[in-house]
Amino acid sequence: MTSTAEQALRRLELTVTRRLDGLLHGAHQGLLPGTGSEAGDSRVYVPGEDDVRRMDWAVTARTTIPHVRDLIADRELETWALADLSPSMDFGTADTDKRDLVVAAIGAIGFLSSRMGDRFGALVLHDEFVHRMPARTGRPALYGLLHSLMDAPRGSVVDDPPDLAEGIEVLSATRRRRGMRLIVSDFLDAQPDLDPDAQRPWERPIRRLAARHQVLAVEVIDPRELELPDVGRVAFADPETGNVREVHLSPKIRQAYAEAAALQREGTRLALRRAGIAHLVLRTDRDWVFDVAQFVLRQRRMSHLAHRRAT
């Protein structure tokens, strides 16, 4: 009999292939526009047509005839995902948990990239370690990776857990070859700074990562992280520390909470914008497939308009 996890993965694959098939195809066939970024064969230099910056000086010295080295397009890329499975991701008050959206986002990119033959690997922030799952090609390897994410136990309170900045540093050092990097997290800091213009702890590492790779940041949020309901006295438990505190949700407290949450989210948006990172927001109370499709279409439209202006 097929297990519950296997059925969930099959439904996820059907959802991706039926509703998203073709939208992301070709979206990351190379980081830089143009002929490509991998070195190819050398040929004779053509004045006025070839870029002198691609001059192959070794061949030119041997033959005494100017040669340039062609560039070939990156057709098989290596995609790496950073999955945040810290205790704050085990929260959800709507249709699903934030953890389920992490698996859905990684599965969507994984299934679409596997159709193009890309290798797919993942780093997982869980408990006190950054777990590494090697990059492999094929559906069986992707199924195994998603199974590991779904079967991972709920996050527990640990003394010194790795934060998002540390995870991004490990992701940046994993493989040097250019490709796509996916970061799925709620981007909640242990000590949040409510100044939207302040630099986030993970901002500098993610900026260095974006200097070499194509990076997509997927922010996962729950509606109760943005505003609180009018339900009177409630006991709040911090999943990261285990501390419990009772709070009476008066209108004043609810308004202050909503304003603080809005400032925190705006700070995340501005930090990703300063780093030049594509930013996708997924909510537990929305159709994540629709949000992914709208994001892809918007990115392609912006790219097309930028190309027209450049032309």
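Colleague: Is Asp118 buried or exposed, and what is its relative accessible area?

Modeller: The model is predicted, and Asp118 is found there in the loop between H3 and S4. The cut-off for a buried residue is under 20% relative accessible area. Asp118 is therefore buried, its relative accessible area being 2%.

Colleague: How many Å apart in space are Asp118 and Leu77, C-alpha to C-alpha?

Modeller: Asp118 belongs to the loop between H3 and S4. In sequence, 41 residues separate Asp118 from Leu77. In space, the C-alpha to C-alpha separation of this pair is 5.1 Å.

Colleague: Among contacts between residues at least 6 apart in sequence, what percentage joins residues at least 24 apart?

Modeller: The protein has 8 helices and 10 strands. Of its 311 residues, 42% count as buried. For contacts between residues at least 6 apart in sequence, the share that joins residues at least 24 apart is 77%.

Colleague: Why does Ser86 count as buried, and with which residues is Ser86 in contact beyond its neighbours within four places in sequence?

Modeller: Ser86 has its place in the loop between strand S3 (78-84) and helix H3 (98-114). It counts as buried because its relative accessibility is 16%, and the cut-off is under 20%. Leaving aside neighbours within four places in sequence, Ser86 is in contact with Leu125 and Glu240.

Colleague: Which residues does Ser88 touch, not counting residues up to four places away in sequence?

Modeller: Ser88 is found in the loop between S3 and H3, and it is buried, with a relative accessible area of 10%. Ser88 and Leu188 are 100 residues apart in sequence, while their C-alpha atoms are 8.3 Å apart in space. Not counting residues up to four places away in sequence, Ser88 touches Lys98, Asp186, Pro239 and Glu240.

Colleague: Which residues does Arg265 touch, not counting residues up to four places away in sequence?

Modeller: Arg265 lies in helix H7 (residues 251-274). At 12% relative accessibility, Arg265 counts as buried. With residues up to four places away in sequence not counted, Arg265 touches Asp186, Leu188, Glu219, Ile221, Glu225 and Leu226.

Colleague: What covers the buried residues of H5?

Modeller: The buried residues of H5 are Leu164, Ala165, Gly167, Ile168, Leu171, Ser172 and Thr174. What covers these residues includes strand S4 (119-126), strand S5 (129-136), strand S6 (180-185), S3 and H6.

Colleague: At roughly what angle do the axes of H5 and H6 cross, and which word describes their relative direction?

Modeller: Two packed helices are described by the angle and the distance between their axes. For helix H5 (residues 164-174) and helix H6 (residues 203-210), the axes come within 8 Å and cross at roughly 20°. Angles under 35 degrees count as roughly parallel. The crossing angle of roughly 20° therefore makes H5, relative to H6, roughly parallel.

Colleague: How do the residues of the contact of H5 with H6 divide into nonpolar, polar and charged?

Modeller: H5 passes H6 in a left-handed crossing. On the H5 side, the contact is made by Ala165, Ile168, Glu169, Leu171 and Ser172, and on the H6 side by Pro205, Ile206, Arg208 and Leu209. The residues of this contact divide into 6 nonpolar, 1 polar and 2 charged.

Notes:
Residues numbered from 1 in each chain as written. Predicted model: local features only at pLDDT ≥ 70, side-chain atom pairs only at ≥ 80, totals over all residues. Heavy atoms only, no water. Axes fitted to C-alpha atoms, helices over the stretch in contact; angles between N-to-C directions. Helix = DSSP H or I, 4+ residues; strand = E, 2+ residues; numbered from the N terminus. Parallel < 35°, antiparallel > 145°, perpendicular 65-115°, else oblique. Left-handed = near helix turned anticlockwise from the far one by under 90°. Contact = heavy atoms within 4.5 Å. Nonpolar A, V, L, I, M, F, W, Y, C, P; charged D, E, K, R; others polar. Buried < 20%, exposed > 50% of the residue type's maximum accessible area, 1.4 Å probe, protein only.
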